[in-house]
Amino acid sequence: MIWNLGTDIVFHPGDTLEPGWREVALARREELRRLAADLRRDQMMIAFLKSI
């Protein structure tokens, strides 16, 4: 977390004067959230499989 802004921060490494930058940044954030959820799910599955 950057400066205690929480998990809803939108980071866009690009030109904020470019039209549509906010939508691109929000879409990237959602994709990262999906990937993080998938990673957590996979880690839990691996831990479960190792336990049996």
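Which residues line the largest pocket? They are T7, I9, V10, F11, A25, R28, R29, L32, R33 and A36. The model is predicted: local features need pLDDT of at least 70, side-chain atom pairs count only at pLDDT 80 or more, and totals for chains, interfaces and linings use all residues. Residues are numbered from 1 along each chain as its sequence is written, and side-chain values use heavy atoms, without hydrogens and water.

The largest pocket has a volume of about 220 Å³. A pocket here is an open set of points on a 1 Å grid over the protein atoms alone, where a 1.4 Å probe fits, with protein on both sides within 12 Å along at least five of seven lines; lining residues have an atom within 4 Å of a point. By class, the lining has six nonpolar, one polar and three charged residues.

R33, one of the lining residues, also forms a salt bridge with E30, the closest N and O atoms being 3.2 Å apart. A salt bridge is a side-chain nitrogen of Lys or Arg within 4 Å of a carboxyl oxygen of Asp or Glu. Why are R33 and E30 about one helical turn apart? Because they sit three residues apart in helix α1. The whole structure has five salt bridges. Another joins R34 to E31, at 2.9 Å between the closest N and O atoms. D38 and R41 meet in one too, at 3.3 Å, N to O. Salt bridges that share partners link R29, E30 and R33 into one network.

Now the surface. M45, F48, L49 and I52 form a nonpolar patch, with about 450 Å² of accessible area together.

Terms used. Grid points are joined across faces, edges and corners, and a volume is the space filled by probe spheres set on the points. Ala, Val, Leu, Ile, Met, Phe, Trp, Tyr, Cys and Pro count as nonpolar, Asp, Glu, Lys and Arg as charged, and the others, Gly among them, as polar. Patches are made of residues with over 30% relative accessible area and no salt bridge: like charges are joined within 9 Å, nonpolar side chains (Val, Leu, Ile, Met, Phe, Trp, Tyr) within 5 Å. Accessible areas come from the Shrake-Rupley method with a 1.4 Å probe; for residues, only the protein chains shown count as cover. Helices (H or I, at least four residues) and strands (E, at least two) are DSSP runs, numbered from the N terminus.
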